[in-house]
Amino acid sequence: MKTIGKVLLGAVLLGLAGCGAQGSERDSTPPGKGMQAFASDAEVSALLKLGQDQAPQNKFGFQEALAPAEAPPAKMASVDVAMAPAAAEAQGQITNVQEKGVDEGGIVKQHGDHLVVLRRGRLFTIDTAGGRLAKIDQVDAFPPGNGDAWYDEMLVSGDTVIVVGYSYARFGTEVNRFSIDGAGHLKYRDTWHLRSADYYSDRNYASRLIGTTLVMYQPIPVFLGERWEDALPGLRRWQGDSEATQRNEGFKRLAQTSRIFAAAPLRQAKDPVASTFHSVVTCDLARRELDCAATVVLGGWSRSFYVSKQAVYVWTGDVESHRSEDRKGPARSFVYRLPLDGSTPQALEVKGQPVDQFSFLEDGQKGMLDVLVLDDSGGDWMWSAEGSNGRAALAQLPLASFGDGSSAAPDKAYRPLGRSGYGIQNRYVGRYLLFGGGWGDQGRDGQTLAIVPLDGGDVQKMSLPHSLSRLDVMGDDAVAIGTSDQDALGFSAIGLGQESKLLDTYFLPAAAEGENRSQAFFYKPDPADPSGASGILALPVSRRIEAPWARFLGSGSAIAFLNRVNRKLAPAGELSANVRDVVDDNCKASCVDWYGNARPLFLGDRTFALMGYELVEGRVANGRIGEVRRLNFAPVGADKRN
C-alpha cells in the first residue's frame, strides 16, 4: 500500500474552510431572507477572477499540496484537544456527541447487540448479546486491494456501516459502505469518491449522521488558471484502479449553479475573498445507490463549522489578510446558515472567528445563535485552533438577522470577555458558556476559567487548582480536567448559577489524559438522579508503557473511573490494557490512530473499556470497578509481541 500522510500544517493553508447544506432545489425561505444563487457559471467565473489575488495557489498550489512529486511528509502528531459533549441517548450514540440526535463519525458504534470498531484500516464486530463478549468478524475497511487512504471516521445507519477516509492519491474523500447482518457479519458493498481537500481537524469531525442522512463537510480550494467547475463537489463510484481513476475522471457534478452562493458583500466587492468552496454534501443512505447532493458557499480558507439538527453553520473570514502587517482590527467574516431542509442558505456579516465547533450553540426556541469568537483565530481546520488567542467576545446573533449577508451584526451583539491564551477550551453547559485554559494561560496551576451566563449577568472568574485541557458536561454541572504540577490529573466539578462554585476536586496520581477527543469522555448519571449529582465518570488515561509495546497500544493504556455521589468525586478504579498481550497487527492502511484508540462504553447496565484491540468488561460494586472478562480481538494473523 502506498501510505500518504497528512500534509504538514503550513502546506495546507490553501483550502480548509467551511461547509454547506443539503442539496434540494426546494426553496422555502421567505423572499429577501436568503442569499441569491448564482445565475450561471459565467457569473461564478467573474467573481472568482475578481478574487484571484486572494487565491492561495501561488504559495500553496492544489497539486503541490495534495500530490507532491517527492515522498510526502509524514502526518503530524495529533494534539487531539478536547471537545465536550451532551449525553448520548439513542442507540448508536454510545459515545458522547455535541448535539443529541446528531451522531458523529467515530471509532466505535453500536448495531443492535453488536459493537463495530474501526481501527488501523480494519473493521471488527463484537457480540455482546446475552452477557456474551466474543469476536464475530473482521474485514478491511477499504476496497479490495486498495487501502491508500486515512480511514478515520465510521458511522452505522440501519444495516449499513459507513467508513469515511481521505485519499491524497485521489485528492478526495472516500466513502466505503459495508453491509452488516443480524449475526454481525460484515460484507463489503461499494466505494465512492468525493472531490475535496483534506478535511482533517484535531477537534472537529467531518461527518455527521441525522436519521439516514449522511452529512459531510468538504473543503475545496479554488485554483484559478484551471477549470473551477472541475473543483466543485463531485461523486463517482469506485471501479477499481483504472486509468480513468488515475486521471481523476468520471465525477458527476453535485452542486449546480443554483446551489452555489456567496454573501452579497462578496458579490459586490472589487477584491472578494473567495479562495475556497465551502461545501456540505448530504447522502441518502436508504438508497441502494449512494444518492448525494451538495450546496456550496464561497469564502476564505479559514473555517469553523457546526451542525445542529436544523442547520449547518460555517463561519469563514479574511484571516490571512487580517494577519498581514497592513491590516488593522478584527478580520471581516461571514457566518453562513445552511438549513438541512434544503431551503435557501442565509448569511450575516460578523467579526472575528470561533475556536472550534464547540464555540457554537443554536437555540431554536429562543431563535438565537451564540458564538464565542476571538480576534485572532483561523478556526478549527487542522491544528489551527491551538493557535487561537486574543480578545474574546460572546456574539449573540438572532436567527432572524440572517439574510443575504448585506446586514452586519451590530457592535452591541458582541459581549467583550477579555483576553485569552492560546489553544483555549470552550463549552456550553446549560445556559452558561465556559472558556479558558490553553497552553498560553498561567501555567499548569492556577489557570482561570470564565463562566458567562447567556441570559445576562456578570461574568464569573474561577481559579482552578490544575491546568485546563478539557471542559465537559456532568449532568447539570460542568467538569474541568487538567494536569497539576505534581503530575496528577485533576478533575474539578463546577456548580453553575448566579454564584458558581468549585464543588470538589479529585487528583488522580501519576496520570495524564490518554485521549483528548471529545468522544473519549463519558459521564453516566445515576438513573435515579437525572440532575447528574450522582453518577460515574470515565476517561482514558495514560500510564508509562514500555517502549516495545507502546507503538502498538497507543496512549490510552487504561480507562479511569470516578464515582460521583451527591456532587462529591471519589476514585472507582481502572480497567487497564494487558500490555503483554499487545500484538503487531501487520497494519496495511491508516496505521496511526489520529482519532484515538480508547473509549469508555456504557451499554445498558454493562460497562466496557475499549483500549487498542482489547475490550474489557467491568462491574461496579461497592463504589469500585472490577474486571469481569476481557476480549482480545486483534486481527487474524497478528503477531504477539515477546
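Reply: Two strands pair if DSSP finds at least two bridges between them. Helices (H or I, at least four residues) and strands (E, at least two) are DSSP runs, numbered from the N terminus. This is a predicted model: local features need pLDDT of at least 70, side-chain atom pairs count only at pLDDT 80 or more, and totals for chains, interfaces and linings use all residues. Residues are numbered from 1 along each chain as its sequence is written, and side-chain values use heavy atoms, without hydrogens or water.

Me: OK. What stands opposite alanine 512?

Reply: Serine 542, in strand E37. Alanine 512's strand, E35 (residues 512–513), is antiparallel to E37, with two bridges between them.

Me: Which other strands pair with E37?

Reply: E36 (residues 522–525) is joined to E37 by four bridges, antiparallel. There, tyrosine 523 has leucine 537 of E37 as its bridge partner. Strand E38 (residues 558–565) pairs with E37 over seven bridges, again in the antiparallel sense.

Me: How many residues of E37 are buried?

Reply: Seven of the eight residues of E37 (residues 535–542) are buried, so the rest of the structure largely encloses the strand. The cut-offs: buried is under 20% relative accessible area, exposed is over 50%, partly exposed is in between (1.4 Å probe, protein chains only).

Me: Next, the sheet with E27 to E30. In what order do its strands run?

Reply: E27-E28-E29-E30, as an open sheet with antiparallel pairing. From one strand to the next the twist averages 20 degrees. Axes there are lines fitted to C-alpha atoms (for helices, over the stretch in contact), with angles from 0 to 180 degrees between N-to-C directions.

Me: How many bridges join E28 to E29?

Reply: Five, between residues 432–436 and residues 448–453, running antiparallel. Tyrosine 432 has its bridge partner in E29: proline 453.

Me: Switching topic. How many disulfides are there?

Reply: Two. A disulfide here is a pair of cysteine sulfur atoms within 2.5 Å. Cysteine 283 bonds with cysteine 292, sulfurs 2.1 Å apart. Cysteine 587 bonds with cysteine 591, at 2.0 Å. In sequence order of the bonded cysteines, the pairing is 1-2, 3-4.

Me: Is the link of cysteine 587 and cysteine 591 left-handed or right-handed?

Reply: Left-handed, with -100 degrees about the S-S bond. For cysteine 283 and cysteine 292 the torsion is about 105 degrees, so that disulfide is right-handed.

Me: Now serine 196. Where is it?

Reply: In the loop between strand E9 (186–195) and strand E10 (207–210). Serine 196 is buried, at 1% relative accessibility. Its side chain makes a polar contact of 3.0 Å with the side chain of glutamine 218. A polar contact is an N or O pair within 3.5 Å; within protein, one atom must be able to donate a hydrogen and the other to accept it, and sequence-adjacent residues count only if both atoms are side-chain atoms. Beyond four places in sequence, serine 196 touches residues including Tyr166, Phe171 and Ile220. Contact means heavy atoms within 4.5 Å.

Me: And asparagine 632, which strand is that in?

Reply: E44 (residues 624–632). Asparagine 632 is partly exposed at 34%. A polar atom of its side chain lies 3.0 Å from the backbone nitrogen of alanine 634. Not counting residues up to four places away, asparagine 632 touches Asp581, Tyr613 and Glu614.

Me: Last one. What pLDDT does the chain average?

Reply: 81, with 80% of the residues at 70 or above. pLDDT is the predictor's confidence in each residue, from 0 to 100. By element, the lowest mean is 29, in helix H2 (residues 62–66), and the highest is 97, in strand E4 (residues 122–127). Residues 321–327 stay under 50, and residues 545–554 are below 50 as well.
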